[in-house]
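Try each task before you read its solution.

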Amino acid sequence: MGEHDGRNMRAGLPAHAIEVGTEPLARPTRNSVGGWPFLNEDQRWPDCFCGERMVLFFQLDIPSDDIPSDLEPFGGDHLLVFHCRAHNDASDPQETDGRLVPRYWDAPQPPYPRPFWRVLLQRDAALPAAEPEPSLRALPLTLRPFTDAPAWPGRGAQTFKVGGAPSWAQFPEYYLCACGTELVYVCQVPENMEFAVHPGQPEQPYSGGADIYGLFLGNEVYLLACPAHCDPAAVWPVNQH
Ligand SMILES: [Zn+2]
Ligand SMILES: [Zn+2]
């Protein structure tokens, strides 16, 4: 039994279900699909290596209450998930000496020169960008506390959520950050989650339809983040299906 199995899984773990609203947003909101990204003052809106500005898929404030104890270092952080529209593929962890490679958020992601996504944890994101994400319909997100009651062997609900336990479509995956700290599971995006697109936007290759964008080829996404906050982008998106 490793340390990952030692939690009180039978009683369940505190979590927040992330619910996507239906009323389009007319103004900046911290918890949103698309919308106006809240970034630190020194953080630019990320670009892909292909030159396209990345799409803001969603952002939210990580709650400070009703979260598992190992999420406490992230309480109050602002999580943003960006991903290129033109590149739609699965993530592929690159490791060296048992750790993710140095600056893995910028390192080559064969066959690509860099990752086609950027996940950020921002701790001083006070103000929204002047303009919203242009391609996705901006929708509100609501976080609702629930008890994630993992089924044996310790897998949580297969939902859009913060905290709880990953549902692990395959074997659990654990990674050491390049800084040597063990990454901690923070947020899960369910398989084939669809993000509605405004009419007239360029299509995303391999997505579920002309008016839909998705993340990582529709793989389930488990976001593992560095509790040492060694870099705002020190988050690894595990992909499984
Ligand atoms: Zn790209
Ligand atoms: Zn780190």
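**Exercise 1.** What spacing do the donors of the zinc ion (ligand 1) follow along the chain?

*Solution.* A word on ground rules: this is a predicted model, where local features need pLDDT of at least 70, side-chain atom pairs count only at pLDDT 80 or more, and totals for chains, interfaces and linings use all residues. Residues are numbered from 1 along each chain as its sequence is written, chains are lettered from A and ligands numbered from 1 in the order in which they are written, and side-chain values use heavy atoms, with hydrogens and water left out.

Step 1: find the donors (N, O and S atoms within 2.8 Å of the metal, or 3.2 Å for Na, K and Ca; water is not among the atoms, so sites may look incomplete). For ligand 1, they are Cys48 (SG), Cys50 (SG), Cys84 (SG) and His87 (ND1), at 2.1 to 2.4 Å from the zinc ion.

Step 2: read off the spacing, C-x1-C-x33-C-x2-H.

Step 3: see what gets linked. Cys50 sits in the loop between β3 (38–39) and β4 (55–61), and Cys84 in the loop between β5 (78–83) and β6 (95–96), so this pair connects distant parts of the chain, 34 residues apart. Strands here are DSSP runs of E with at least two residues, numbered from the N terminus.

**Exercise 2.** Is Cys84 buried or exposed?

*Solution.* Step 1: set the cut-offs: buried is under 20% relative accessible area, exposed is over 50%, and partly exposed is in between (1.4 Å probe, protein chains only).

Step 1: apply them. Cys84 comes out at 0%, so the residue is buried. Cys50, at 36%, is partly exposed.

**Exercise 3.** Which residues are the protein donors of the zinc ion (ligand 2)?

*Solution.* Step 1: the donors are Cys177 (SG), Cys179 (SG), Cys226 (SG) and Cys230 (SG), lying 2.3 to 2.4 Å from the ion.

Step 1: their spacing in sequence is C-x1-C-x46-C-x3-C. Cys177 is in the loop between β11 (161–163) and β12, and Cys230 in the loop between β15 and β16, so the pair ties together parts 53 residues apart in sequence.

Step 2: check accessibility. Cys177 is buried at 0%, while Cys230 is partly exposed at 37%.

**Exercise 4.** Which strands stand at the edges of the open sheet?

*Solution.* Step 1: write out the order of the 10 strands, β8-β5-β4-β2-β10-β1-β11-β12-β15-β16, with antiparallel pairing. Two strands pair if DSSP finds at least two bridges between them.

Step 1: β8 and β16 are the edges; each has a single partner strand, so one side of each lacks a neighbour in the sheet.

Key:
Helix = DSSP H or I, 4+ residues; strand = E, 2+ residues; numbered from the N terminus.
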